[in-house]
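Here is a short note for a colleague who is meeting this structure for the first time. Please read the points with the model open.

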Amino acid sequence: MKRWSLAWWIVVLATALSSHAQKVKSAVVTGRITGTVVHAGTGRPLAGIDVSISPAEQRDLVTETTTGPDGRFAFENLARGKFSLIAQGSGFSEQAYQQHAPYSTAIAVGPGLASENLIFQLVPDGSISGSVQDEENETVRNGDVLLFSRDGATGRMELRARNTLEDQGRYHFGHLFPGTYFVAVSAQPWYAADPPGAQNSPKLSMEGENTADQRSDAPSPSSGDAALDVAYRVTFYADAVDAESATPIQLHAGERATADVTLRAVPAVHLTVRNASTDPNQPGSVGVQQRVFDRELIPIQGRTQPGPSGSLVVGGIPPGHVVVNLRTYSGKEWKNQARELDVASDSEIDTSENSTGAVYIRGTVHSPQPGPFPPGTYVRFFNRDTHEGFGAPVSDTGKFEFSQNLSSTSVYEVAVIHPRRAIVEKITASGAKVVGRTLTFPRNGTVDLTLTLLPGAGRIDGTVLREGKGVSQAMVVLVPQSLQGNADLFRRDQSDSDGTFSLYQVIPGRYTVVAIENGWNLDWQNPDVLRPYLEHGQSVEVPGSGTYKISVPAQASNGVPAADTQAQN
Amino acid sequence: MHSVNAKRPSFSSTAVGILVCALTLAPALFCQTATDAPALSTRTHSLSGTVVNSVTGEPIRRVMVQAAPANGTQMQSALTDSEGRFEFSGLPESDISVLAHKPGYFSTADLNPSDFQPETVHLVDDTATLTLQLLPEAIIAGHVATAKGDPIEDTPIRVFREVISNGYRRWEVKGQATTEEDGHFRMVGLMPGRYLLAAGPNLPNLRAVRSRGVRKEGFGTMFHPGAPDMDAATPVALTGGQQVTADFVLKLEPVFQVSGTLVGFPPGAGVGVQFTNKYGEVIPSPIDVDMQTGKFHGAIPGGSYILQARGSDSTGRLSATDLPLIVSGDVEGITLPLGAPITIPVNVELRPSSNSPEQLAAANFLPAREVAASSVRLISTDVHIDNVEYQAEKANGGLAFRNLAPGRYSVDISTTAPWYVRSARIGATDLLREDLVIGSGHRAEPLEIVLRDDGARLKGNILADGQSAGGWVLVCADQELLTHARTTLIAPGSGFEFVSLAPGEYKVLAFDRETFAALEFRNAEVLAPYLSKAATVTLHPGEEATINVERQGTAK
């Protein structure tokens, strides 16, 4: 009786500490989370690691401890519920238990649940650093260094980090997990100057160019010879000027890799933009960008000078494929347009020639909620791969219209923003091609769109089971019935220690849920990879905004390896 | 013959490592006759030379050298070769300004932009040869670790350079860096001079500090070498090309939460809250302000701080509050009233010595008062970082200081002869003898300035080893603050003259240029050893006195 009373008091205490505890009225406060933190590479126990837990639904209620010499940690007297488990230490970035970013396995505490003697494999930080020199072995002091990584599962290239050289000719990317990385450097020779004959006038700022950049302090000589009229191409480790020839850096757990880059000056290209402005007091502006890995647009630090009769001349462009963003003034209005072109030698753009034309996009947004759209509602079209986007405000009645000059035809997803991103459930279009939930616009003409917003998204709570028991750490994928053009219908999660998972913001429709053990290296976006798993998946119909409970059988990964694997030895 | 290159708008003096000198290509004076004149304009000249490292004397390769003819013809640019050589040909007959620059090096123009005089070379031949010098940058590199030797990442490192200007000593922020994963940092591009280095603070983020159940510890600020604050720190002296190591060991200390509410800021105003120390240095510690509710929440190690709130509305009106705060535990529920902007009206009164009606009428004429007191400034004397000063501006038919921040200030009044400052007071405070202290809730008492025109004139010479010499002369009234001392620079062979000095007793000192440039003479402690050798003079109204002063300092 007395014991019960004590337990009851602890429940009261826990309830006072955590509002979450109210949801688990019957909680018996005897749960423990214990385990050992080990080095993911060697399996050696790690002492002095900070380990913390917090209720999965109340992350600011943190309890912290430090591992002992044997790498052990223990949290006692826990209420029933799920806890996220996080560790970090010197040389080990913060990481969650069984993390496959952004997913991890939470620990479920309760009767019959395995929350003790966990093995927490901590992946040591790796780093990539290096120096950047020019062809004369001199330090390149100013420039941007970009770090890309290839997603082990999908093979997609992602920009992970960006650093400046900061006067030292050196860069450092720390706290890196194992993976495949690429390094690219974008810089300009410090001594670069435009050729004789170019007008000597103050530099204009370029769109996308940091005008506070140190280079703008340098004298801009009005003369120079060909040796100074040079630029650097975007250069990849190791000394490659095209992405295909870039050398991947296979970074293993805890590895400190070095990747030095040498930049070589090449004759610069000059781009003349004709008819940029009709008013000398309102000069237009030009921003030149280059694609890296066909995706990320990075600015080229060119030098823009006004030329005769409303033109602009941009010097310092390395030869290659560029995206030119123009802001032109016609005497009445400003106009933004983008051109994409190859510049192998000095080139010209005439902004008055509507070489690509503009597409006129108009449409209506239908909302399930009554009443006008609040001010600030915005429709945005974006490309998942290149991160390019454009859009227009939506009126209170849901109307939008605008003209867009497209540099190339590509596939766009649609979002309606306000106050958060509202999910677009249905797209109908005339004048544009709709595949799944994506749009492909023509270069010109008129496009009529009807966008229907979702009345409410559903949620799926489920459990991954094998022989009736919950399976931890499985990759759970919500797969739409039609795989094409529906990238934004997919949802993923990682099963927690009791096998449970949750999929949020599920757009109503028919799906198959698959749970794959050791599946984190599978290209889950690739229909061919996914198809074999679908027949053992669990189909589910989500009719509306409710919460749907399912259980999903665990499947083993069929062993198709991805390009590179996470260190999990 | 000086050819100052200020005519060339394309040069920017802020660029790293620019060396400017001007020379004249003038063969016409020697070998051309009037009959050859038509050929003259097509006659061209060449110029070659070498750029060397001024510390090692070694040539520097790949320096950008630019030759700009003063006659407006095309500037030429070239990089030096592997032996540091450059050559220009086809230069017109004109004054030629030559610049050299390279990242990592400084020119004399960079090192002393205010007192820079271009070198002048007069050429008599067709080809000129020139040696240009560049000073290599100094570098500070170091490591930040715990007592156990674990590197501390993401620790802010700040470098301050000592600047002595007009007798005031300041520490200017010259660079910031952050330690890398391995605790290392590196600061390049430093000029010769004296530097202070600070590491930290490195504090957990606010989310962590506000989480329940987490130890709240962080690394505080430390000045090199192991000093808790700026006063106790030892400056590092850097010379050209020097590489210095500065390591820090930081200790974990408790971090406390400081929270409260800002009140009294106008709707839509921008508001910032920050911690500073007594030197005026902003502590890079996390602090959050909710613009809607005025609630703020910050985290900081224990210590003594000033909690500053600054607001500005859409018209740019500032409101400010400074709250001195000793933090030794969590501080909650602070109410920070954002006061109305601090404004001090300035009244200038002219008291002519003659009581003629014309004089009196003229003295009451506003423009006359504005001319007499040509500038009235408040210069911060408690902030050691950078330079904080305010200028009184015209407002509502008079002068006023607006948007003042709380602090300690010295009043600086420039007058136009024959006027001198007879008195400057705010209430009972005599600002010729005391600093002005402005608190958060400062009442708008006016600054009353009285000017008179019966000042004395003091003339004289500087003597060095019994000979007349050049240098700086400083006069200070016996009873006044050194912030009111007046100075003048004279060339060798000429005398000095101060006009419109208030009657009274004065100390007169003379210094060589080098000593004076590095002398914090507005600081009584610093000037004390020199004052014993000062000349003394008593000036009466309208008097003209003459005095010779022995030059002090180290230079020959």
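Predicted model: local features only at pLDDT ≥ 70, side-chain atom pairs only at ≥ 80, totals over all residues.

1. Residues are numbered from 1 along each chain as its sequence is written, and chains are lettered from A and ligands numbered from 1 in the order in which they are written.

2. Chain B has eight helices and 44 strands, where helices (H or I, at least four residues) and strands (E, at least two) are DSSP runs numbered from the N terminus. Of its 556 residues, 35% are buried, a residue being buried if 20 or more other C-beta atoms lie within 10 Å of its own, exposed if 12 or fewer, and partly exposed in between, with C-beta atoms placed from the backbone.

3. Among the contacts in chain B between residues at least 6 apart in sequence, 72% join residues at least 24 apart; two residues are in contact if their C-beta atoms, placed from the backbone, lie within 7 Å.

4. Chain B is divided into domain 1 (13-136), domain 2 (138-250), domain 3 (258-337), domain 4 (344-452) and domain 5 (456-552), with bounds that come from an automatic or database domain assignment. The C-alpha centres of domain 2 and domain 3 of chain B are 24 Å apart, and nine residues of domain 2 of chain B are in contact with nine residues of domain 3 of chain B. On the domain 2 side, the touching residues comprise six nonpolar, three polar and no charged, where Ala, Val, Leu, Ile, Met, Phe, Trp, Tyr, Cys and Pro count as nonpolar, Asp, Glu, Lys and Arg as charged, and the others, Gly among them, as polar.

5. The peptide bond from His224(B) to Pro225(B) is cis, with omega near -5°, and Pro225(B) sits in the loop between β16 (222-223) and β17 (236-238) of chain B. The bond from Ala417(B) to Pro418(B) is also cis, with omega near 10°, and Pro418(B) belongs to the loop between β32 (407-415) and β33 (420-426) of chain B.

6. In chain A, His175(A) has a positive phi, near 55°, although it is a residue other than glycine. His175(A) lies in strand β12 (residues 170-176) of chain A, and it is partly exposed, with 14 other C-beta atoms within 10 Å.

7. Asn275(A), not a glycine, has a positive phi of about 55°, and its place is in the loop between β20 (269-274) and β21 (285-292) of chain A. Asn275(A) counts as partly exposed, with 18 C-beta neighbours inside 10 Å.
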